[in-house]
Amino acid sequence: MRDSRRELWLFDWNPRFPAWIHGATLAGKNLPAALIERATGRLARAVEPSASGFVRIVTEIPQRLAVPAAPASRSFREASGKHPSGMPRLSRKLRGDESSRCIVSTPELPDAMCQDLLDAVARIHSTPARVLLTRTAETRFERAADLARRLPGLDVAYSVKTNPDAALMDLARQRGLLAETISDAEVEWAIRCGWPSDRIVRNGPVPTGPDRSLRGAFANDLETLASYLTGPPAAIVGVRLRPPFVSSRFGVPVEDPVVFAETVQCLGVAPAHQALGVSFHLAASDVGIERWEQDATSIVDFAATLEALTGRSFELVDFGGGWTADQFDSDLEPVLERLMTFARDRLSGQPRLLIEPGKALAEASQAVLARVVHLRREHDGHRIAILNAGIGDVPLIRDFPHRVAVVRDQVLTVGRGNDVLLGPSCMEQDCLADDVALPPDLAIGDLIAICDAGAYDASMAFRFGRGGAE
Amino acid sequence: MKSTWQVTPGVEADDRVRDLLRDLEEKPVSRLTRHAAPCCVIAEAWFRATARSAIRRFGDEPRWITERWNWGPTVWPIAWCEAIKADALDCGALADLAAVAFEETGREVMRVQLIQDASTEECEQWATRWATTPAAPKWIWGRLVYHEKAWAPAAGDPAVWYPEIVTQPRRQATSLKALRFHR
């Protein structure tokens, strides 16, 4: 500390490791190991740095003692085994590799997407408008269908909850995908979009009723499983298993030996004629494809253990969805091949495998078109552009990178810079981007495309600040 | 198959150690028992499947065992179905679980019995804690303590002990007097 006379004073000395010890390890500097190495001469195991640095963020939230506090995010608690901090998650975001949604430089838009945007602009009558990028969407859904063709024994379902837009549903159905639903309302919507019941899979924490003639229905808990086995809603009745060392509100926690024994008992008394399945859901976009494969393999292993203990066999293993488009395109196929081999080796019934991609197919398939409605320049020179689309139109704008472009006679990708894009509402968080380089000649009335808005940005969009009109 | 007790050089003349080794000559390593019922089959199957999950996630060292179970007194015999539901297990039960977890790695696994010297303060604290379970087996004689471990040496590096995985590290006794291997 420097006093008023600029003299330095040592006023505190803590001869202990600080609270940010894990962050240092993530940056490649394992301080406790270095100390032990220094003291004992034993070489510490080398640490592969996952970041060049880190930022420790502490949030102080005032409490009202009589009011329950909001629960801490489960993702933080399970971020790295015993470590309760979110540092590993933050580190993965900073690392910028395939295992996380990372903040990276905005890439150039593909030619097909640029043409899609120009075509979409010609169709709209007003803004903001969420538009289908036709060629891009067709390519995404064709990739899913092609994956199923290349891997015999694999079925692919479209995750309806991701974006139930009729045009996307049509693309999925035309390419032979099943429909994956999480509610009776979604089942009804899938039927109205043309799926027969036996091409629909039902997941979700709320049970459905019996005699639905669905392809598969997976129970989120043992009470629901028992109910399904009594009055099956589907040809295949299954149970969602939560892998060990995963924190989630969903699935039967096989990590609990008492619950595992109850699962054995429940499956063991299932009617002999009832086809059975297991499911597993973990977003690879959150945990990375390597961790996803580890847990998916563990679920197949637990399924094999259940088969051995019950004398039953599983006919369907549902691996859920949750891949980014990059993971789906580049990483998933070899992982699925390994899982299929492992399942064939361990499971007695040679089950079919099912995946349920959503954002991998839908995210790039739609964009939000908006107009610049206000422009101003700050004293330091950076510009602020306010659009007539905001956080209600792209509610996940801050959760992962969205490509941004200015659409005129041609499409100009917006790169990284110091300019800011804001939404039109009075919400402090209605900031679409605070690190973009807007064209020098950007003007009021210019069209901005916020791409990668076709997944949960669409299904979770909300209306705010636009009055009561539809 | 068990080896003979290997006494730390310089300890051979210690009457306390020699007498204790004679008393423990026939003591086997701790093994969880199995009921003649599905409960223990299910329990062991669950444990092995969980151990394999842990190997995929975290590597071969079964540290998850000490993260899941506390160290504390155990009444023997204890069956698989009882052990996995217990809040705390002694070093023998933890060592048996660790050995089974190591088996899932494909490595050769050995059980180890040890006689160690601990401080007076440690022994008094442990004895006080174990006094709450009078039926738990005796393992403290003055400052000498009986301990068990599982050891799965890595290929090419058989002399490396695994870090203490079967008891709380901060309570590790400080001085090895004798040890014996069981394959």
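Hi everyone! A word on ground rules: because this is a prediction, local features need pLDDT of at least 70 and side-chain atom pairs count only at pLDDT 80 or more, while totals for chains, interfaces and linings use all residues. Residues are numbered from 1 along each chain, chains are lettered from A in the order in which they are written, and side-chain values use heavy atoms, leaving out hydrogens and water.

Let's begin with chain A. It holds 15 helices and 17 strands; these are DSSP runs, with at least four residues (H or I) for a helix and at least two (E) for a strand, numbered from the N terminus. Of its 470 residues, 48% are buried, meaning under 20% relative accessible area with a 1.4 Å probe, protein chains only.

How confident is the predictor? The average pLDDT, a per-residue confidence from 0 to 100, is 89 for chain A. Still, residues 73-86 of chain A stay under 50, and residues 95-105 are below 50 too.

Now, the meeting with chain B. Together the two chains bury about 1700 Å², which is the accessible area (1.4 Å probe) lost on being put together, summed over both. There are 4 salt bridges between them, each a side-chain nitrogen of Lys or Arg within 4 Å of a carboxyl oxygen of Asp or Glu. A:Asp301 pairs with B:Arg56 this way, with closest N and O atoms 2.8 Å apart. On the chain A side, α12(A) gives the most, 9 residues.

Methods
Buried < 20%, exposed > 50% of the residue type's maximum accessible area, 1.4 Å probe, protein only. pLDDT = per-residue confidence, 0-100. Contact = heavy atoms within 4.5 Å.
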